[in-house]
Amino acid sequence: MPKTADAVPRRRAPQRALWLLGPAMVAGVAYLDPGNVASNMTAGATFGYLLVWVVVLGNVMAWLIQYLSAKLGIVTGESLPQVLGRRIRRPWTRRAYWLQAELVAMATDVAEVIGGAVALHLLFGIPLVWGGAITGVISMGLLLVQTRRGARAFETVLIGLLLVIAVGFTFGLFLAPPEPTGVIAGLVPRFEGSTSVLLAASILGATIMPHAIYAHSALARDRFAPTGDPADPSGGIAAAHAHAPESATAQSRADTLAHARGISTPRLLRATRWDVTIALAVAGTVNLAILLLAAANLAGVDGTDSLEGAYAALRDGLGPLVATLFAVGLLASGLASTSVGAYAGAEIMQGLLHARIPLLARRLVTLVPALVILGLGVDPTLALVLSQVVLSFGIPFALVPLVALTRRPDVLGEYCNRGLTTAAGVLASVFLIALNALLLWLVFTGG
């Protein structure tokens, strides 16, 4: 332990393991956004159980990716955008990287606002444009919780919404369970034409979301920042880094930060593995439930290639209670995920451009594209699915740097990835990039 660590103010270490859980739950909300709902519902209604394997594989890869993101934030006290912002020396390269990340974040916002608007339309008959505006306003209220009450209060609210989402999207399966043989057959990897590849890319884009990778590192940083000031979670981290000399190694900086927290880094990482496991078990179960609900009840039914059509088919086939809970889950999904998306977008801008923008101001700016799409009368479900394809193309730009950075001892010290972990991250990256290349080839060749 460096001697300078003694000068860093320590905060009282938490005594309960439960206190250490939470950041992955918030990041996990991104795995249950309206884009997931649209992609999984469309896949189930169009191809039945064919793409079950994509949901399962996406969730397995997501576990590794989200853990690496959280580990980066815990060990370094910095988010992925902050680390990249320091290491990308050329301003124009950094701005180009920010631009693609910003476009991905905007695609995320489009999906989430549209999903909330559709849910309000289904529940109360509110026009889509007004529903999008209402979704944006409510999301601002959720962001106020984060800015004024801190990370823990923000987590509590979003975990509550996560429970609503889980109930809303899984209830129907208890009334109309899927065929076990169909589910098992769906675990065999295969495609049936370019449309199934498009939907697979959409499911993966909705499951392994680039903004969730950026956000989780920031959520872990803020949650375990060595400060008691919820308005400035990075202040204690800055103080801890200030006590480590410029020439300090990554390991000594990590030790200084751990001392300032008053809790060991290994303990935080163990808790994070549980946090990610629980969060993705919930998210994966709900995503699979959405696809299975559609495969068991909507396959071959006309009009179920849209959220409105799926809602009507569920109402006619399983009753108004299941349909209403589905719409409530969709609304909770839009409200929760749009808050996480705004948080991630602000972190991307601050880390890469070194420009701080208030969360509420950013929420107003990124609300505009979604309202324009709704105002132009673009099919909401199509917009949701295509937004997830955009997210899929943004995955390598977040995933490759994450794997590369977390394998480096000069970034994470003794907590850098082992060879097997790095190999798994490389395989995930190659698979996702190959899937996107296949998608482009099929689309442009009409395959």
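This is a predicted model: local features need pLDDT of at least 70, side-chain atom pairs count only at pLDDT 80 or more; totals for chains, interfaces and linings use all residues.
Helix H3, which covers residues 52-76, has 25 residues and reaches 37 Å from its first C-alpha to its last, close to the 36 Å expected at 1.5 Å a residue.

**The chain as a whole**

The protein chain holds 19 helices and zero strands. Of its 447 residues, 59% are buried. When contacts between residues at least 6 apart in sequence are considered, 85% of them join residues at least 24 apart.

| Helix | Number of residues | Reach | Expected reach |
|---|---|---|---|
| H3 | 25 residues | 37 Å | 36 Å |
| H6 | 22 residues | 31 Å | 32 Å |
| H10 | 14 residues | 20 Å | 20 Å |

Helix H10 runs over residues 210-223, and it is mostly covered, with 14 of its 14 residues buried. In helix H6 the buried residues are Gly131, Gly132, Thr135, Gly136, Ser139, Met140, Leu142, Leu143 and Gln146. Just after H6 comes glycine 150, which takes a positive phi of about 100 degrees.

Alanine 133 also lies in helix H6, but it does not belong to the buried set: its relative accessibility is 23%, and it therefore counts as partly exposed. The C-alpha atom of alanine 133 is separated by 7.9 Å from that of alanine 117, although the two residues are 16 residues apart along the chain.

**H3 against H12**

The axes of H3 and helix H12 (residues 250-261) come within 8 Å and cross at roughly 80 degrees. Because angles of 65 to 115 degrees count as roughly perpendicular, H3 is roughly perpendicular to H12. On the H3 side the residues that meet H12 are Gly73, Ile74, Val75 and Thr76, and their partners in H12 are Ala254, Leu257 and Arg261. Sorted by class, the residues of this contact divide into four nonpolar, two polar and one charged.

**H15 and its two partners**

Helix H15 covers residues 320-353, and its axis comes within 9 Å of the axis of H6 (residues 128-149), the two crossing at roughly 60 degrees. H6 and H15 are therefore oblique to each other, and H6 passes H15 in a right-handed crossing. The residues that make this contact are Thr135, Ile138, Ser139, Leu142, Leu143 and Gln146 of H6, together with Gly334, Leu335, Thr338, Ser339, Ala342 and Tyr343 of H15. The contact of H6 with H15 has six nonpolar, six polar and no charged residues. Several of the H6 residues named here are also buried, among them Thr135, Ser139, Leu142, Leu143 and Gln146.

H15 also packs with helix H2 (residues 34-47), at an angle of about 135 degrees and with the axes 8 Å apart. This pair, too, is therefore oblique. H2 contributes Pro34, Val37 and Met41 to the contact, while H15 contributes Phe326, Leu330, Ser333, Gly334 and Ser337. By class, the contact of H2 with H15 has five nonpolar, three polar and no charged residues. Gly334 of H15 takes part in the contact with H2 and is also named in the contact with H6.

**Two residues in their surroundings**

Serine 333 lies in helix H15 and has 0% relative accessibility, so it counts as buried. When residues up to four places away in sequence are not counted, serine 333 touches Leu32, Asp33, Pro34, Ile165 and Phe169. One of these, Pro34, belongs to the H2 side of the contact with H15.

Phenylalanine 397 lies in helix H17, which covers residues 380-406. Its relative accessibility is 43%, and phenylalanine 397 therefore counts as partly exposed. Leaving aside neighbours within four places in sequence, phenylalanine 397 is in contact with Tyr97, Gln100 and Tyr214. The C-alpha atoms of phenylalanine 397 and glutamine 100 are separated by 8.3 Å, while along the chain these residues are 297 residues apart.

Terms used
Residues are numbered from 1 along each chain as its sequence is written. Side-chain values use heavy atoms; hydrogens and water are left out. Helices (H or I, at least four residues) and strands (E, at least two) are DSSP runs, numbered from the N terminus. The expected span of a helix is 1.5 Å times one less than its number of residues. Buried means under 20% relative accessible area, exposed over 50%, partly exposed in between (1.4 Å probe, protein chains only). Axes are lines fitted to C-alpha atoms, for helices over the stretch in contact, and angles run from 0 to 180 degrees between N-to-C directions. Angles under 35 degrees count as roughly parallel, over 145 as roughly antiparallel, 65 to 115 as roughly perpendicular and the rest as oblique. A crossing is left-handed if the near helix is turned anticlockwise from the far one by less than a right angle, and right-handed if clockwise. Contact means heavy atoms within 4.5 Å. Ala, Val, Leu, Ile, Met, Phe, Trp, Tyr, Cys and Pro count as nonpolar, Asp, Glu, Lys and Arg as charged, and the others, Gly among them, as polar.
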